[in-house]
Amino acid sequence: KVTLPRLYLTWPTAPRFHEDEAPLTMLAAILGDGRSSRLHKSLVYEKRIAQSTSAYHGASEVAGLWYVDLTAAPGHTLAEVEDAARFEIDRILEQLPTAEEVERAKNHIEHRAVDQLSRIGGFGGRANRLNSFNIFTGDPDRANHDIERFLAVQPEDIRRAGQAYLGLRRV
């Protein structure tokens, strides 16, 4: 039994190590990563039409996917939640994210990268990351400084990448 309806929206995006990977990851962090994200503040906290929200960018070897997951709150429809989420997505594509939002996203992404490098094994641990960078780039040492491309992202980059990928080509 499904107690609350959930909506998954997905857009095809750029592959791993493409120049748009970092801005798209930052866009996902600003829109849907945690309680301070735009989607959570608007849909869960202010409007109370969603139970939960999240956004994520997953880049792979050939292509990437940009996801939004929305769970409607009791008494609210998926159409209502989707319209409100689309409003927030469109808003960030028209107006630049704030410096505070960008800094918060960079801090979160940097924390995650350091955390992954601090673990020896397992998915996302140091050994896995070194192997991944070796396979995809031929340079395992890139795992030690790949974060730099994420920290260099500017608000204009986020808007440009979002406008390029988050149009009507979603499923």
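Modeller: A salt bridge is a side-chain nitrogen of Lys or Arg within 4 Å of a carboxyl oxygen of Asp or Glu. The model is predicted: local features need pLDDT of at least 70 and side-chain atom pairs count only at pLDDT 80 or more, whereas totals for chains, interfaces and linings use all residues. Residues are numbered from 1 along each chain as its sequence is written, and side-chain values use heavy atoms, with hydrogens and water left out.

Colleague: What makes the contact of aspartate 146 with arginine 149 a salt bridge?

Modeller: The closest N and O atoms of aspartate 146 and arginine 149 are 2.7 Å apart. The limit is 4 Å, so the pair counts as a salt bridge. Aspartate 146 and Arg149 also belong to a network of salt bridges that includes Glu21 and Arg142.

Colleague: Why is aspartate 146 called buried?

Modeller: Buried means under 20% relative accessible area, exposed means over 50%, and partly exposed lies in between (1.4 Å probe, protein chains only). Aspartate 146 has 6%, so it is buried.

Colleague: How do you know how aspartate 20 and arginine 160 are joined?

Modeller: Their side chains meet with N to O at 2.7 Å, which is within 4 Å and therefore a salt bridge. Aspartate 20 lies in the loop between β1 and α1, and arginine 160 in helix α7, so the pair ties together parts that are 140 residues apart in sequence. Helices (H or I, at least four residues) and strands (E, at least two) are DSSP runs, numbered from the N terminus.

Colleague: What makes arginine 86 and aspartate 90 about one helical turn apart?

Modeller: They are four residues apart in helix α3, which means a separation of about one helical turn. Arginine 86, at 19%, is under the 20% limit and so counts as buried, whereas aspartate 90, at 30%, is partly exposed.

Colleague: Why is proline 74 called exposed?

Modeller: Proline 74 has a relative accessible area of 59%, which is over 50%, so it is exposed. Proline 74 is found in the loop between β3 and α3.
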